[in-house]
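I opened a notebook for this structure. The entries below follow the order in which I looked things up.

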Amino acid sequence: MRAKLSYALTAAVLVFYFVLVGSRGVMLIQAGTLLTVTFGVAVLILPGIGVWFLWKNTQFVRNANRLAAELEAEGGLPADELRRTPSGRVDRDSADEVFTRRKAETESAPDDWRNWFRLAVAYHDARDTPRARKAMQRAIALHAGKSPAQQA
């Protein structure tokens, strides 16, 4: 719940920022000179990119949460079997052991979105966020019935 509140607060702040920056871009365009119109258009591009980025991330999170809920209903969520350091962080060797198992499971059944979901969790636990995201995107695409070529 804390993560959802944090995400919602961050998204709200970003939307406020986009509106603020967008209004400045419109004001620059309304000034009417070549220089201010050019800057105004450039300033409007930034919130556009930001809105697109926020939308894509929100879709990703919603889809990943939907898969997690479905997997939980099936009883297939990966159990937390990781050892922790005294400070509470995941032990690196433990994460690597689990990752090796998850990778083998995924290689044995590469068309099962559940394996890709569990592999994404293992990547995340091993602190490899870019690969965790790619694996989760693959799980989402497989769940939606898309082939790997359609994922992009």
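**Salt bridges.** I began with the rule: a salt bridge is a side-chain nitrogen of Lys or Arg within 4 Å of a carboxyl oxygen of Asp or Glu. Side chains of opposite charge can pair when their charged atoms come close. I searched the whole structure and got 9 salt bridges.

**Ground rules.** I noted that this is a predicted model, where local features need pLDDT of at least 70, side-chain atom pairs count only at pLDDT 80 or more, and totals for chains, interfaces and linings use all residues. Residues are numbered from 1 along each chain as its sequence is written, and side-chain values use heavy atoms, with hydrogens and water left out.

**D80 and R84.** I looked at one of the bridges. D80 and R84 join through their side chains, 2.5 Å from N to O. D80 is exposed at 57%. R84 is partly exposed at 41%.

**Around R102.** Which residues are linked with R102 in a network of salt bridges? I found E81, R101 and E105 there. The bridge from R102 to E81 spans 3.3 Å, N to O. R102 is in helix 3 and E81 is in the loop between helix 2 and helix 3, so this pair ties together parts 21 residues apart in sequence. Helices here are DSSP runs (H or I, at least four residues), numbered from the N terminus. The bridge from E105 to R102 spans 3.4 Å, N to O. These two are 3 residues apart in helix 3, about one helical turn. Is R102 buried or exposed? R102 is buried, at 8% relative accessibility. E81 is partly exposed at 38%, and so is E105 at 28%.

**Aromatic rings.** Next I searched for ring pairs. Rings of Phe, Tyr and Trp (its six-membered ring) pair if their centres lie within 6.5 Å; planes under 30 degrees apart are stacked, over 60 edge-to-face, and the rest tilted. The whole structure gave 2 aromatic pairs. In one of them, F99 and Y123 have ring centres 4.8 Å apart and planes at 50°, so I logged the pair as tilted. F99 sits in helix 3 (residues 92-108) and Y123 in helix 4 (residues 113-125), so the pair ties together parts 24 residues apart in sequence. F99 is buried at 17%. Y123 is buried too, at 15%.

**Nonpolar core.** I then turned to the largest core. A nonpolar core is a set of buried Ala, Val, Leu, Ile, Met, Phe, Trp, Tyr and Cys residues joined through side-chain atoms within 4.5 Å. The largest one has 18 residues, and Y123 turns up again among those that touch the most other members, a group including L67, W113 and W116. Helix 2, helix 4 and helix 5 (129-143) each supply at least two residues. Which helix gives the most to this core? Helix 4 does, with 7 residues.

I checked A11, which is in helix 1 (residues 2-31). A11 is buried at 16%. A11 and L142 are 131 residues apart in sequence and 28 Å apart in space, C-alpha to C-alpha.

Definitions and conventions
Buried < 20%, exposed > 50% of the residue type's maximum accessible area, 1.4 Å probe, protein only.
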